[in-house]
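Visitor: I would like to learn how to read salt bridges, helix faces and nonpolar cores in a model. Please take me through them in turn.

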Amino acid sequence: MGRSIGGVKGATFGEVFAVKEFRVLFGSFALLVGGDVIKMLALSVLVYARTGSPGLSAAAYMAGWLPYILGGLFLLSLADRMRPRALMVAGELIRAVTCLLLAFAGLPVWVMLALVLVTGLFSPVFLAARMAMLPEVLPGDGFVLGRSMLNLASASAQIVGLAVGGAVLAVTG
């Protein structure tokens with residue numbers, strides 16, 4: 001891959017994005033992060049609308065991110081014991097069911113927060129499965145560049161997710 005620098009051949013962005021599997025991982029990861037940001041913003045606004053409490057609204061927003069700490073500490077080894085593709089599919093199904101329940105089930109606030117906390121515990125496992133696929137998809141220098149692109153996608157998707165969520169709130173009131 002790529003050009004030779006001091007006798008060492010480096011990967012290029014074009015070569016990394018030429019790999020179909022990486023494009024799928026990259027796109028799905030950007031959608032996942034952006035979707036999570038929109039979900040947590042929508043949940044915090046919903047909690048505020050129901051309770052009028054800024055504190056509960058802030059807790060609702062953080063409920064989606066705090067489980068990463070505990071899940072990362074205690075459950076991350078599951079990613080090494082299971083097949084990455086199966087974990088990725090399971091993660092997306094759990095995420096979809098959670099979002100559907102939050103949007104349409106009319107759950108009480110405490111149940112919504114508990115649901116987000118419990119399902120969020122497994123998010124680091126699903127993320128680790130996605131990252132475990134990367135060396136298979138992009139060997140050598142491609143892996144390093146691909147990992148950097150996923151980090152960039154994460155940061156960008158958070159910003160875009162907040163912008164989209166804010167725009168939806170501005171339009172819908």
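Guide: Start with burial of charged residues. In this predicted model, arginine 95 and aspartate 36 are both buried. They form a salt bridge in which the closest N and O atoms are 3.2 Å apart. The partners are arginine 95 of helix H6 and aspartate 36 of helix H2, 59 residues apart, and the pair links distant parts of the chain.

Visitor: With which lysine does aspartate 36 form a salt bridge?

Guide: With lysine 39, where the closest N and O atoms are 3.7 Å apart. Here both residues lie in helix H2, separated by 3 residues, or about one turn of the helix. Lysine 39 is buried, as is aspartate 36.

Visitor: Which residue forms a salt bridge with glutamate 92?

Guide: Arginine 130 does, and the closest N and O atoms are 3.1 Å apart. That pair again links distant parts of the chain, with arginine 130 in helix H8 and glutamate 92 in helix H6, 38 residues apart.

Visitor: Why does arginine 130 count as buried, and why does glutamate 92 count as partly exposed?

Guide: The test is relative accessibility: under 20% is buried, over 50% is exposed, and partly exposed lies in between. Arginine 130 is at 4%, so it counts as buried. Glutamate 92 is at 35%, so it counts as partly exposed. Taken together, Asp36, Lys39, Glu92, Arg95 and Arg130 are linked in a network of salt bridges. The whole structure has 4 salt bridges.

Visitor: Now the helix faces. Which residues of helix H3 are buried?

Guide: Ser57, Ala60 and Ala63, in a helix that covers residues 54-63. They lie on the same side of H3 because they cover an arc of only 120° around the axis. Pro54 and Gly55 are exposed, on the face turned away from the buried side of H3. The buried residues of H3 pack against H2, helix H4 (67-74) and helix H7 (109-120).

Visitor: And the cores: how many residues has the largest nonpolar core?

Guide: It has 23, and Phe22 and Leu138 have the most contacts inside it. Helices H2, H6, H8 and H9 each give two or more residues to this core, and the largest share, 6 residues, comes from H8. Another core lies apart from it, with 11 residues, among them Val47, Val109, Met112 and Leu113.

Visitor: What is phenylalanine 22 in contact with, leaving aside its neighbours within four places in sequence?

Guide: With Val16, Phe17, Leu134, Val137, Leu138, Gly146, Met149 and Leu150.

Conventions: Residues are numbered from 1 along each chain as its sequence is written. This is a predicted model: local features need pLDDT of at least 70, side-chain atom pairs count only at pLDDT 80 or more; totals for chains, interfaces and linings use all residues. Side-chain values use heavy atoms; hydrogens and water are left out. A nonpolar core is a set of buried Ala, Val, Leu, Ile, Met, Phe, Trp, Tyr and Cys residues joined through side-chain atoms within 4.5 Å. Buried means under 20% relative accessible area, exposed over 50%, partly exposed in between (1.4 Å probe, protein chains only). Helices (H or I, at least four residues) and strands (E, at least two) are DSSP runs, numbered from the N terminus. Contact means heavy atoms within 4.5 Å. The arc is that of the directions from the helix axis to the C-beta atoms. A salt bridge is a side-chain nitrogen of Lys or Arg within 4 Å of a carboxyl oxygen of Asp or Glu.
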